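Good morning, and thank you for coming.

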Amino acid sequence: MKNKIWLSSPHMGGNEQRYVNEAFETNWIAPLGPHVNNFEQALAKYTSAHEVAALSSGTAALHLALIMLGVKPGDEVICQSMTFSASANPIAYLGATPVFVDSEADTWNMCPEQLRVAIEDRLAKGKLPKAIIPVHLYGMPANMPAIMAIANEYEIPVIEDAAEALGSTLNGQAMGTFGLMGILSFNGNKIITTSGGGALISDHKEYIEKSRFLATQARDNAPHYQHSEIGYNYRMSNVCAGIGLGQMEVLDERIQQRRANFDFYKTHLSQLPGVSLIDEPTGYFSNRWLSTILVDPEKANGLTREKLADHLAADVIECRPLWKPMHLQPVFEAAPYYGTGVAEKLFENGLCLPSGSNLSDADKSRVLSKLLELF
Ligand SMILES: *Cc1c(COP(=O)(O)O)cnc(C)c1O
C-alpha cells in the first residue's frame, strides 16, 4: 500500500512539544497564560500589527469582528464569493445577509469593480453594507489598495480574512493589516497550526481589548460574575498557544517550503497544453499556502480537473477542486451576488495540488509523474 500524500498536513518544527510540556509543568492548562501572551506578541511582531488577540479559531475571530462592528439581524455584509464557508458563516450567525462579490482574474480575490457595483446597488435598494470581507485565498493577497479606496469612499469598515495568508505581503505590508481588523487561522491544514486556533489582529487597541473581553464571557469588572453583554468562550488555550510558539520559529521556513512546492509545479506543469498557474502581480508576495492549477479542457485535449483529480486519488494522492463559490452553495442560494462569472470558471477548472511544507522530493515527483501520465 502506497503512503498517502496529503493536500496540506501539520508540520511540526521541534520545539512545539517543549512549550507544551512547559505548559503542563507549570500547570498553565487554561485559556490564558504566558504562552498565549507570548504567541500574541510573536504574531504582532511578525505582522507589525499593533495588537493581536489569540482566539479559539479564525471563525471565532471573524464572528467577534462582526459583532464589534455592530452587525445585527437584517444587516448586509459584503463577502468575497470565492472562499471557504467560514468567511461567510459568521455573517449568518448574526442573522445578517451576505452579499457576495466575484473575483478578479489576476488574484482570484475580490474584484474591486464588482465591489463598487455591489455597494452602489445595495445603496440604491436602501442599505449601506455594514462591512466588507475580502479574502487572501491560497495565500495570494487581494488588491487591498483598490478595495480600501472604495471602502473608504463609502465609509464601510473592512475585515480582512487572512486565514490562509499568514506571511503573505503586498508592497511589504502583512496581509490582515490593511483593513480595520484582520483574522488569522491556525487550523490543522493552515501554513502553521496550533491544532485549532485563530487570531484577531488590528492597529486599533480598543477592538483587540474588546475582543478579549467578549471571548472570555464578557465578564464585567466585579468580584462576582457580572454581565452587561452577551459573551463567548472563544479564547485560545495556553497549551495550543505553546504549539503556536514553536510554529512561529519555523514560519519563514514553512513559507519557503510552500513556495518551493509552487515553483516545482510551475516549472514542470506550466508548459503543458491548457495548464496555467497563477503568478504574483508586481508587489505581491504569496505564502503559496496551496499550489493550484487551472486546466482548460478545450486546450488540454478534453482533460478536465475531475479526470486529473480521479487519477491522483487512485494513487492515494489527496487533491481538491478550488473552493466552490459561496453564491453557488445551496445554503446561500438566496443571497445577492454581483459578478461576471470569474469565480465560477475558476471553480470549474481549478485544482489544489498537494502543498504541504513536509512534502518530500519523492512525493512531489510522484504527483508530477501521475499528472504527466495523463498529458
Ligand atoms: C480556515 C479558514 C477560515 C476559518 O478558520 P478556522 O480557524 O478553521 O475557523 C476562514 N476563512 C478562510 C478563507 C479559511 O481558509
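Helices (H or I, at least four residues) and strands (E, at least two) are DSSP runs, numbered from the N terminus. Axes are lines fitted to C-alpha atoms, for helices over the stretch in contact, and angles run from 0 to 180 degrees between N-to-C directions. This is a predicted model, in which local features need pLDDT of at least 70 and side-chain atom pairs count only at pLDDT 80 or more, while totals for chains, interfaces and linings use all residues. Residues are numbered from 1 along each chain as its sequence is written, and side-chain values use heavy atoms, with hydrogens and water left out.

Two strands pair if DSSP finds at least two bridges between them.

I turn to helix α11, residues 342–349. Which of its residues are buried? They are Ala343, Leu346, Phe347 and Asn349, where buried means under 20% relative accessible area, exposed over 50%, and partly exposed in between (1.4 Å probe, protein chains only). The cover over the buried residues of α11 includes β12, α10 (305–313), β13 and β15; contact here means heavy atoms within 4.5 Å.

The other open sheet to consider also has 4 strands, ordered β1-β9-β8-β5, and its pairing is mixed. Since β1 and β5 (159–161) stand at the edges with a single partner strand each, one side of each is left without a neighbour in the sheet. From one strand to the next, the twist averages 20°.

Of its 5 residues, 5 are buried. Glu51, Ala53 and Leu55 point one way, Val52 and Ala54 point the other way, and all are buried. Strands β1 and β9 (residues 198–202) run antiparallel and are joined by 5 bridges. In β9, Ser202 is the bridge partner of Glu51, and Ile201 is that of Val52. Helix α7 (residues 205–215) lies across β1, β8 (181–185) and β9, and α7 runs at about 20° to β1.

Next, the interior. A nonpolar core is a set of buried Ala, Val, Leu, Ile, Met, Phe, Trp, Tyr and Cys residues joined through side-chain atoms within 4.5 Å. The largest has 62 residues, and those that touch the most other members are Phe39, Leu43, Ile78, Ile132, Tyr138, Met144 and Phe186. Helix α6 (residues 144–154) gives the largest share of this core, 6 residues. A second, separate core has 35 residues, including Ala60, Leu69, Ile159 and Met181. Leaving aside residues up to four places away in sequence, Leu43 touches Val52, Leu166, Leu184, Phe186, Ala199 and Met248.

Leu43 also takes part in a helix contact. Helices α2 (residues 34–47) and α8 (residues 238–248) pack at an angle of about 35°, and their axes are 8 Å apart. Among the residues that make this contact are Phe39, Ala42 and Leu43 of α2 and Ala241, Gly244 and Met248 of α8.

How far apart in sequence are Glu16 and Gly246? They are 230 residues apart in sequence, and 4.2 Å apart in space, C-alpha to C-alpha. Glu16 belongs to helix α1 (residues 16–25), and Glu16 counts as buried because its relative accessibility is 4%. Apart from residues up to four places away in sequence, Glu16 touches Gly242, Ile243, Gly246 and Gln247.

Finally, the cysteines. How many disulfides does a search of the whole structure find? The search finds 0, a disulfide being a pair of cysteine sulfur atoms within 2.5 Å. For Cys111, the closest cysteine sulfur is in Cys79, 15 Å away, so the two are too far apart for a bond. Cys111 counts as buried because its relative accessibility is 11%, and Cys240 counts as buried at 17%.
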